Amino acid sequence: MYPTYKMDTFHEENATYITISKGRELYIPDAIAAKSIGIDGDIAEVLEHLVQMR
């Protein structure tokens with residue numbers, strides 16, 4: 001069905017699945033879409049931006 005980390009997101013009430021991919025299609029299964037965040041970007045740039053937001 002889904003890899004373990006996606007199933008954990010499905011079953012854990014407070015879990016959120018986050019995926020970061022630059023220039024590729026972000027795939028989030030329908031079963032966890034409501035508990036997911038997809039970010040199109042370079043992971044280093046995304047993390048740097050998050051650090052600056054603190």
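Helices (H or I, at least four residues) and strands (E, at least two) are taken as DSSP runs and numbered from the N terminus. On this basis the protein chain contains two helices and two strands, which follow one another along the sequence in the pattern α-β-β-α. The model is a predicted one, in which local features need pLDDT of at least 70 and side-chain atom pairs count only at pLDDT 80 or more, whereas totals for chains, interfaces and linings use all residues. Residues are numbered from 1 along each chain as its sequence is written, and side-chain values use heavy atoms, with hydrogens and water left out.

The pLDDT, the predictor's confidence in each residue on a scale from 0 to 100, averages 87 over the protein chain, with 89% of the residues scoring at least 70. Among the elements, the lowest mean pLDDT (76) belongs to helix H1 (residues 4-11), and the highest (95) to helix H2 (residues 43-53).

Of the 54 residues in the protein chain, 19% are buried, a class defined by under 20% relative accessible area, as against over 50% for exposed and in between for partly exposed (1.4 Å probe, protein chains only). Among contacts (heavy atoms within 4.5 Å) between residues at least 6 apart in sequence, 13% join residues at least 24 apart.

The protein chain exposes about 4,500 Å², of which carbon and sulfur atoms supply 52%. Ile-43, Leu-47, Leu-50 and Met-53 make a nonpolar surface patch of about 400 Å², a patch being built from residues with over 30% relative accessible area and no salt bridge, nonpolar side chains (Val, Leu, Ile, Met, Phe, Trp, Tyr) being joined within 5 Å and like charges within 9 Å. A salt bridge here denotes a side-chain nitrogen of Lys or Arg within 4 Å of a carboxyl oxygen of Asp or Glu. Leu-50 lies in helix H2 and counts as partly exposed because its relative accessibility is 45%.

Notes
Areas by Shrake-Rupley, 256 points an atom, 1.4 Å probe, with all protein chains shown as cover.
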